[in-house]
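These are my notebook entries on a structure that I had not examined before. I set down what I looked up, entry by entry.

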Amino acid sequence: MLQKITHLTVRDVRFPTSLEQHGSDAMHMDPDYSAAYVVLDTDSGLRGFGLTFTLGKGTEIVVRAVQALAGLVVGKSLHHIVSNFRGFYRLLTSDGQMRWLGPEKGVIHLATAAILNAVWDLWARVEGKILCRISIQDPKQIVSCIDFRYITDVLTEEEALGILVNAKEGKQQREDLMMNQGYPAYTTSCAWLGYSDQQLKQLCTDALQHGWTRFKVKVGADLEDDIRRCRLIRQMIGPSNTLMIDANQRWDVAEAISWVTRLAEVKPLWIEEPTSPDDILGHAAISKALAPLGIGVASGEQCHNRVMFKQFLQASALQFVQIDSCRLGSINENLAVLLMAHKFKVPVCPHAGGVGLCELVQHLILFDYICVSADLSGRMCEYVDHLHEHFTSPAVIQNAHYLTPKDPGYSCEMLESSVKRHEYPEGDVWKLQINK
C-alpha cells in the first residue's frame with residue numbers, strides 16, 4: 001500500500017429530482033439530490049472515489065470545505081494513512097483552525113466524510129476486495145480505525161475489541177447467508193409527500209409484486225391528510241406488512257406525541273425524526289409517551305457525530321438507530337456507533353437513498369451483521385429506487401434484500417458521463433434548466 005495520493009478533485013454534482021418531487025417530505029419539499037464528489041489520484045494510477053450527500057443549494061459550500069481539507073490528504077501514502085487510521089481521522093477533524101467550524105459537525109464534517117469515503121474506497125481497491133471484506137479481517141485492525149475520544153464512558157477500546165472477538169463465532173455462516181440471501185430492506189420510494197394518491201397506489205402495487213413487505217410513508221405537513229394517506233397505504237399493503245412513518249423533524253415534542261397518537265390506528269413500527277435531530281431529551285420524552293402504543297422512535301440521519309449517538313443511547317431516546325454513510329465521519333465514526341448500539345441492544349436500521357447512500361451503506365450493514373450484531377431481528381436498511389444508474393457498481397436489490405456487492409471498493413464511483421452531464425452549473429442538464 002505504498003500508493004501516494006498525488007491529487008484530490010472535488011465536483012458539485014446535482015440531479016434535478018425536484019422536478020418530479022422525488023425525495024419530497026414535510027421539511028424538504030423540493031430536493032435536488034446532489035453530492036460533493038471526490039476523486040483521489042495516486043502515483044500508481046489507482047483512484048479512490050467518495051462523496052457526501054446534499055440536497056442541491058449549498059453543495060458548493062461543501063466543495064469548498066473539501067478543498068480546504070485537501071492539503072491534509074495530498075502527499076500522503078495510503079500505507080501512512082491506514083497504518084494509523086485513527087490518527088488520520090483526528091488529523092482531519094482536529095485541525096487547529098478548521099475545527100472551529102464544527103467541531104465534527106456540519107459542513108466541515110460532511111467534507112471530512114467525503115474524503116474519508118474516498119480513502120476507504122482506495123484501500124479496498126488496492127486490496128482488490130469489496131470494502132466490507134477489508135473491515136471483516138481483524139478485530140484489532142477495526143478497533144484501530146476508531147476514535148474513542150469522548151465515548152469511553154460508554155464504550156472503551158477493550159470493550160469494542162471484546163464485542164468483535166465474540167462475534168467471530170458463526171461469522172462464516174453469516175457471510176454465506178448474506179451471499180445467498182442478502183440483507184433485508186424497506187422501501188421509501190412509494191410514498192414521498194408530493195406524490196398523488198394514484199401514484200402511491202401504483203407504486204405500492206408494483207412494490208408488492210416485487211416482494212416488498214416493509215414500507216415507509218412521509219408525514220408531517222397536514223394531520224388529516226396524513227391520516228388519509230396512511231390509511232390508504234395500510235389498505236394497499238395489508239395488515240401483516242410493516243409500515244413506518246417519517247416526519248423529517250417537523251414537530252415540537254408535544255405536537256409529535258399528539259400527531260403520532262392520531263396515526264397509531266395504522267400501526268406504524270416507528271416514527272422517524274419526530275422533532276429536531278439535536279433534541280435528545282425531546283426524543284426521549286416522545287419515546288416514553290409512544291411506548292404504550294407500541295410505536296418506537298427512529299433517528300440518526302442528521303445526527304452530527306458519535307457523541308450525540310452516545311447520548312441518544314444513554315437517554316433511551318431511540319428504539320432504532322439510523323446511521324448515515326455521509327453525515328458521520330465515514331466508516332471510522334460509523335464503526336463506533338455500530339458498536340455502541342450493540343452494547344445498548346438497539347437495532348441499527350440505516351438511512352439510505354439520495355445519491356449513492358444505498359451504494360455506501362450496504363457495506364456497513366453487512367459489517368454490522370457479520371462482525372458486530374450477528375442478528376437480523378428488528379433490522380432492515382432503507383432503499384430508495386432513484387439514481388442508481390449513474391454508478392459503475394450500483395446497489396442490487398432482489399426479493400427486497402440488498403445483495404452483497406461484487407466489485408472491489410466502496411461502490412460509490414459514478415459514471416464519468418453522468419458526472420459531466422450533471423455537474424453544476426456547467427453540465428448539459430443544468431444548462432438546459434437554467435436557460436428555461
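**Entry 1: the sheet**

I began with strand pairing and found that β1 and strand β2 (residues 34–42) pair in the antiparallel sense over nine bridges. I note here that the model is a predicted one. For one bridge I looked up Arg 11, whose partner in β2 is Tyr 37. I then turned to β2 and β3, which pair in the antiparallel sense over eight bridges. On that side I found Ser 34 standing opposite Thr 54 in β3.

Taken together, I recorded an open sheet of three strands in the order β1-β2-β3, with antiparallel pairing. Its edge strands are β1 and β3 (47–54), each of which pairs on one side only. From one strand to the next, the twist averages 15°.

I asked how many of the 10 residues of strand β1 (residues 5–14) are buried.

**Entry 2: the annotated domain**

I consulted the UniProt record, an unreviewed entry, which places the feature "domain: Mandelate racemase/muconate lactonizing enzyme C-terminal" at residues 197–293. Over this range I found the chain to be 52% helix and 13% strand, with the end C-alpha atoms 27 Å apart.

**Entry 3: helix α10**

I checked the length of helix α10 (residues 223–237): at 1.5 Å a residue its 15 residues should span 21 Å, and its end C-alpha atoms are 21 Å apart, which agrees. At the N-terminal end I found a cap by Asp 222, with a side-chain oxygen 3.3 Å from the backbone nitrogen of Glu 224. Just after the helix, Gly 238 takes a positive phi of about 85°.

I listed its buried residues, among them Leu 223, Asp 226, Ile 227, Arg 229 and Ile 237. I then asked what covers the buried residues of α10. The cover includes α9 (197–209), β5 (214–218), β6 (242–246) and α11 (253–263).

**Entry 4: Thr 275**

I located Thr 275 in the loop between β7 (270–272) and α12 (280–290).

Note on methods. Residues are numbered from 1 along each chain as its sequence is written. This is a predicted model: local features need pLDDT of at least 70, side-chain atom pairs count only at pLDDT 80 or more; totals for chains, interfaces and linings use all residues. Side-chain values use heavy atoms; hydrogens and water are left out. Buried means under 20% relative accessible area, exposed over 50%, partly exposed in between (1.4 Å probe, protein chains only). Helices (H or I, at least four residues) and strands (E, at least two) are DSSP runs, numbered from the N terminus. Two strands pair if DSSP finds at least two bridges between them. UniProt positions are given in the numbering used here, feature names are shortened, and annotations may be inferred rather than shown by experiment. Axes are lines fitted to C-alpha atoms, for helices over the stretch in contact, and angles run from 0 to 180 degrees between N-to-C directions. The expected span of a helix is 1.5 Å times one less than its number of residues. Contact means heavy atoms within 4.5 Å. A polar contact is a pair of N or O atoms within 3.5 Å; within protein, one must be able to donate a hydrogen and the other to accept it, and residues adjacent in sequence count only if both atoms are side-chain atoms.
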